[in-house]
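Here is a friendly walk through one protein model, written to be read with the structure open beside you. Shall we take a look at what holds its parts together?

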Amino acid sequence: MAAECGSGNCDAWAARDPSGILSPYKFNRRAVQSDDVSLRITHCGVCYADVAWTRNILNNSMYPLVPGKKFVKLCLNFNMSRHEIAGVVTEVGADVKSFKVGDHIGVGTYVNSCRDCENCNSSLENYCSQHVFTFNGVDTDGTVTKGGYSTHIVVHERYCFKIPDGYPLEKAAPLLCAGITVYSPMMRHNMNQPGKSLGVIGLGGLGHMAVKFGKAFGLKVTVISTSESKRKEAIDLLGADNFVVSSDENQMETLKSSLHFIIDTASGDHPFDPYLSLLKVGGVMALLSFPSEIKVHPANLNLGGRSLSGSVTGGTKDIQEMINFCAANKIYPDIEMIKIDYINEALQRLVDRDVRFRFVIDIENSFK
C-alpha cells in the first residue's frame, strides 16, 4: 500500500487534486456528541459520483477529498445514487435511543439536515434545502464532510439505519443509495401492487435493483437497454419478464401503451418521447438521472394523461423501510468486492461501464 499522508484518528483514502487519483490519508473525525453514533466502517459502495468529485467535474471539490458517497444535485450526465456505508456501532452518545454498541447500521447520502422544515418533519430529509452531503459537504460546524472510504465515521443517529441481523453488510451498503433511489419513487407511485407493469431503462447499479424490487412486488418487469448483450443477465440472472433493445423500433412498438410505470436510470443525454409512448394512459415515468436537458413533445404527455416525475434518494423513514423489506424478502444487490488499494482501477472501470453491478470496498480488511 502507498505511503500514508496526514495525521489523525481515522485512516482513509483521499484525492488531493483534480487528477482524481486516491491514496492513503489520515484525518480526525469529530468526538461523539450526545446524539451521535460512531461506527467502524466495514464496507462502502462505489458510484459515479465518486468519480465526479474526486476529479472536480463540478468545480466545487474540496481537497483532500474522501469519497463514499454523494448524490448529484446539479445537471450532470450520470446517476445520482450515492454514499453507501455499512458497519458496526462502536460508541453512542448519552442521548442515543435507537442504537447500541455492536449494532449493524448503515449511513446513506446525507448526514445532516435542518430537522425543522416541512420536509424534515415529513421524513423527507433528502429534500431539505439544508441537508448535508456525506462527503464534500459543509456541516453545521463548518467542517467539510468526509465519506466512507475510511475506517470510521461519526453521524447523528437520525441519519443512521439499522441493518437487520443476518443481512450481509457487504450487500447492505449499496442499498443506502442504489436501493433507496429506485425504491422511493416506486413506493411514491404505488408500484408495489402485484400485476402492474414496470419498465426499467438501464441495467446498472440502480436498474438491477429496480428489477429486483419489481419482481418482489409481483410486477411484470421489462428491461429496456441499448445493448442486446444485457438480455441474458436481465432474463436469466435477474428474472425480468421481458427485454427490449431501445434502438429496435419493432421491439419498442410491441411495448406501446403497455406500462404503468417506467424507471429511467440511463446516464447521459437521451430521448424521452420513445419511452413516454410506452406508458399506458395515466402512466408515470420517473427520472433518476441528470441529463443536461429534457425535450418532450407535449402530445406524448397530454394525449395520454402521462406524467414525467423526478426523484433523488429517499427520506429516513423510507430508507429504513426499504432495508427491512430487503431483509424480509432476501433481496440482495449483485456486487463485486474489492480492496481499497484497487479503487483507482475500479473508478476507471466504472467510467468504462465495466462492472456488474456495484463495486463494494472491503474496508475492514483493507486497512489491516
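The report below goes through aromatic contacts, charges, cysteines, a pocket and some backbone details.

## About the model

This is a predicted model, in which local features need pLDDT of at least 70, side-chain atom pairs count only at pLDDT 80 or more, and totals for chains, interfaces and linings use all residues. Residues are numbered from 1 along each chain as its sequence is written, and side-chain values use heavy atoms, with hydrogens and water left out.

## Aromatic contacts

A search of the whole structure turns up 10 aromatic pairs. Here, rings of Phe, Tyr and Trp (its six-membered ring) pair if their centres lie within 6.5 Å; planes under 30 degrees apart count as stacked, over 60 as edge-to-face and the rest as tilted. Take Y183 and F217: their ring centres are 6.3 Å apart and their planes stand at 40°, so this pair is tilted. Y183 belongs to helix α4 (residues 178–188), while F217 sits in the loop between α5 (205–216) and β11 (220–225), so the pair ties together parts that are 34 residues apart in sequence. Helices (H or I, at least four residues) and strands (E, at least two) are DSSP runs, numbered from the N terminus.

Buried means under 20% relative accessible area, exposed over 50%, and partly exposed in between (1.4 Å probe, protein chains only).

## Salt bridges

Side chains of opposite charge can pair when their charged atoms come close. The whole structure holds 17 salt bridges, each being a side-chain nitrogen of Lys or Arg within 4 Å of a carboxyl oxygen of Asp or Glu. One of them joins K212 and D334, with the closest N and O atoms 3.5 Å apart. This pair links distant parts of the chain, 122 residues apart: K212 is in helix α5, and D334 is in the loop between α10 (316–329) and β16 (335–338). Both partners, K212 and D334, are buried.

R349 and E336 form another salt bridge, with 2.9 Å between the closest N and O atoms. R349 lies in helix α11 (residues 343–351) and E336 in strand β16, 13 residues apart. R349 counts as buried at 18% relative accessibility, whereas E336 is partly exposed at 25%. D165 and K162 also meet in a salt bridge (3.9 Å, N to O); D165 is exposed at 71% and K162 partly exposed at 27%.

## Cysteines

How many disulfides does the structure hold? The count is zero, where a disulfide is a pair of cysteine sulfur atoms within 2.5 Å. The sulfur of C114 is 3.5 Å from the closest cysteine sulfur, in C117, which is too far for a bond. For C44, the closest cysteine sulfur is 8.8 Å away, in C47, again too far for a bond. C44 is buried, at 0% relative accessibility, while C114 is partly exposed, at 26%.

## The second largest pocket

The second largest pocket has a volume of about 440 Å³. Its lining has 23 residues, with R30, D139, D141, T143 and V154 nearest the centre. R30 and D139 are also linked with D36 in a network of salt bridges. Strand β8 (152–156) and strand β6 (110–112) each supply at least two lining residues, and the largest share, four residues, comes from β8.

On a 1 Å grid over the protein atoms alone, a pocket is an open set of points where a 1.4 Å probe fits, with protein on both sides within 12 Å along at least five of seven lines; lining residues have an atom within 4 Å of a point. Grid points are joined across faces, edges and corners, and a volume is the space filled by probe spheres set on the points.

## Backbone details

A cis peptide bond joins Y63 and P64, with omega about -5°; P64 is in the loop between α1 (48–54) and β4 (85–92). Another cis peptide bond joins R356 and F357, with omega about -10°.

K330 has a positive phi of about 55° although it is not a glycine, and K330 is exposed at 61% relative accessibility. R353, also not a glycine, has a positive phi near 60°. R353 lies in the loop between α11 and β17 and is exposed, with a relative accessible area of 66%.
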